There are 2 protein chains.
Amino acid sequence: MKNFADRLIEIIGKKNTPVCVGLDPSASGGESIPQKITQSAYKRFGKGLRGTAEAIYQFNLSIIDITSPYIGIVKPQIAFYEACGYWGIKAYIDTIKYAHKKGLIVIGDIKRGDVPHTAEAYAEAHLGGPYATDAVTVNPYLGEDSIAPFIKMAEKFGKGVFVLVKTTNPSSSDFQDLLVGHPPQADNVPLHRYVAEKVNQWGKPLIGKSRYSSIGAVLSADAARHLRTIMPKSFFLIPGFGAQGATAKDVKHCFNPDGYGAIISASRSIIYAWTTSPWKEKYGPKKWEQAVEAAIIEMKKAIGWQEKNTPPSPSF
Amino acid sequence: MKNFADRLIEIIGKKNTPVCVGLDPSASGGESIPQKITQSAYKRFGKGLRGTAEAIYQFNLSIIDITSPYIGIVKPQIAFYEACGYWGIKAYIDTIKYAHKKGLIVIGDIKRGDVPHTAEAYAEAHLGGPYATDAVTVNPYLGEDSIAPFIKMAEKFGKGVFVLVKTTNPSSSDFQDLLVGHPPQADNVPLHRYVAEKVNQWGKPLIGKSRYSSIGAVLSADAARHLRTIMPKSFFLIPGFGAQGATAKDVKHCFNPDGYGAIISASRSIIYAWTTSPWKEKYGPKKWEQAVEAAIIEMKKAIGWQEKNTPPSPSF
């Protein structure tokens with residue numbers, strides 16, 4: 001199987017953008033799936049979990065249809081599917097299948113982390129088995145043997161792993177910024193920097209022809225500033241463009257001089273574009289598809305990748 | 001709703017044991033579900049995910065029937081269900097329902113951890129919604145705002161949260177044992193001890209009549225030795241009795257002088273008792289139910305809770 005980083009480089013070059021669309025459809029709460037979709041789903045399957053999962057799936061099909069001409073990577077957040085019980089998990093799996101049919105790379109945002117015996121079950125299911133995503137996000141708290149089963153699957157099947165290094169939430173500083181060191185003495189290095197060093201080390205055996213590794217890192221745009229030197233070969237998965245606050249200016253430095261090395265992901269600011277300015281006023285709920293299309297075009301332009309690069313810079 | 005810690009105390013007193021059975025049915029690999037069950041399930045639903053999930057479910061029903069006269073708490077590890085796609089998630093939900101019907105407390109071993117918006121979806125689904133477990137395990141790497149939605153649900157619905165503090169896997173030392181401190185200076189305290197302090201703090205508003213908190217900690221028997229003083233009111237969830245190496249002698253000190261404050265969980269050593277000595281020789285696959293029963297009786301006796309306590313010591 002082709003190396004995951006090589007596949008990333010290929011699709012980024014093909015679509016001329018490192019933008020990723022987060023498929024985080026929360027059917028409840030303030031932001032929501034367009035009524036036309038939910039009503040049709042409820043009519044067929046009721047207002048319970050099955051109807052909600054169907055609405056999520058139908059919404060995803062539209063989002064993928066609208067955005068896939070522009071971008072090459074999607075990232076479903078499994079929590080919003082899991083919230084609908086097994087019907088939700090079915091929607092998650094069917095969404096992955098449809099994205100693959102459209103030629104997209106799918107990153108499962110699962111943030112799993114468990115003891116080795118259990119991590120194996122997760123790794124086999126998500127990178128192989130019933131989910132078969134191209135890459136997953138994982139939590140490093142349990143250490144190397146909890147990540148190893150994912151890396152093993154990545155190596156075997158040309159898949160990728162993004163390790164949480166420095167997350168975008170305010171409380172990420174609680175533990176990730178603590179100064180750490182090896183016993184018996186602390187070295188005054190923030191924990192997330194120490195994790196970043198491990199990610200770089202874990203990724204070395206999985207470097208592809210593109211000179212990038214299949215083991216990447218999830219981090220905030222801000223943290224990327226001081227972590228590139230530690231993880232020169234890693235793809236950075238930068239979530240929350242728009243809704244979680246990062247702007248085009250904030251993410252410029254996430255890329256290597258060759259223009260690669262980062263994936264910029266936006267979820268709510270794209271999929272719910274019609275609920276926020278300026279798209280809300282311009283399109284509104286009736287023309288929600290046009291709002292999504294306008295938002296992805298604008299984001300792609302804002303990231304400015306196409307102007308910066310003459311695409312196939314790596315050695316293959 | 002009644003406080004979760006009070007409910008725990010009640011069931012431990014009623015069943016006269018702090019033993020918990022881990023429902024970790026891995027249908028593949030060396031250890032396995034008795035052939036009689038898998039063959040019947042495969043016959044009805046095929047050898048794919050649906051048949052495997054059915055085997056897991058039927059196996060769980062038997063395990064619950066055999067063990068529930070002796071113990072009051074079960075802990076399904078969601079990874080092994082998730083591995084069977086949505087059929088597996090259905091088996092997970094149906095298992096929880098059956099355990100509830102039998103009056104058991106169910107701890108969902110999900111180890112989730114995500115940014116607040118997403119953590120809310122997980123918390124609502126697992127402590128309310130379609131899963132409705134009595135408690136869940138969570139990963140602290142993302143900090144307080146990632147745990148808060150679970151604590152909020154615990155408070156609202158009388159549920160519990162067990163935060164990973166020091167896990168039982170060998171690599172738990174990679175990050176959990178690093179010496180940490182607040183910037184600009186490190187204090188030479190292991191990270192897991194620092195997390196334990198947070199757990200104690202987070203748990204204070206959820207202390208019940210029993211004087212224990214609904215916010216507990218997942219830790220190894222070994223780590224419990226030096227963490228009780230930091231978390232005097234927390235229930236310790238000690239996994240891996242038997243298979244992961246902890247013995248009755250190792251767990252004695254996990255309890256407070258009142259005999260409460262710890263849950264000792266065993267998975268493989270109970271549910272696959274018939275595959276290991278001495279039960280393998282004595283019972284074997286044909287009498288696997290008797291092996292499970294003998295194993296749970298022996299474990300309960302080994303933990304020795306009943307000899308040590310005159311049960312209702314707390315103030316209610």
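**Entry 1, chain A as a whole.** I began with the contacts in chain A (two residues being in contact if their C-beta atoms, placed from the backbone, lie within 7 Å), and among those between residues at least 6 apart in sequence, 70% join residues at least 24 apart. I noted that this is a predicted model, in which local features need pLDDT of at least 70 and side-chain atom pairs count only at pLDDT 80 or more, while totals for chains, interfaces and linings use all residues. Residues are numbered from 1 along each chain as its sequence is written, and chains are lettered from A and ligands numbered from 1 in the order in which they are written.

I then looked up the secondary structure of chain A, which comes to 15 helices and ten strands; these are DSSP runs numbered from the N terminus, helices being H or I of at least four residues and strands E of at least two.

I found that buried residues (20 or more other C-beta atoms within 10 Å of their own) make up 61% of the 316 residues in chain A.

**Entry 2, a sheet across two chains.** I followed an open sheet of four strands, ordered S7(A)-S6(A)-S6(B)-S7(B) with antiparallel pairing, where strands pair if DSSP finds at least two bridges between them. Strand S7 (189–190) of chain A and strand S7 (189–190) of chain B each have a single partner strand, so one side of each is left without a neighbour in the sheet. In chain A, S6 (residues 179–181) pairs with S7(A) over two bridges, and A:Val180 stands opposite A:Val189.

I located B:Tyr272 in the loop between helix H12 (268–271) and helix H13 (279–282) of chain B, and B:Tyr272 is buried, with 25 other C-beta atoms within 10 Å.

Notes
A residue is buried if 20 or more other C-beta atoms lie within 10 Å of its own, exposed if 12 or fewer, and partly exposed in between; C-beta atoms are placed from the backbone.
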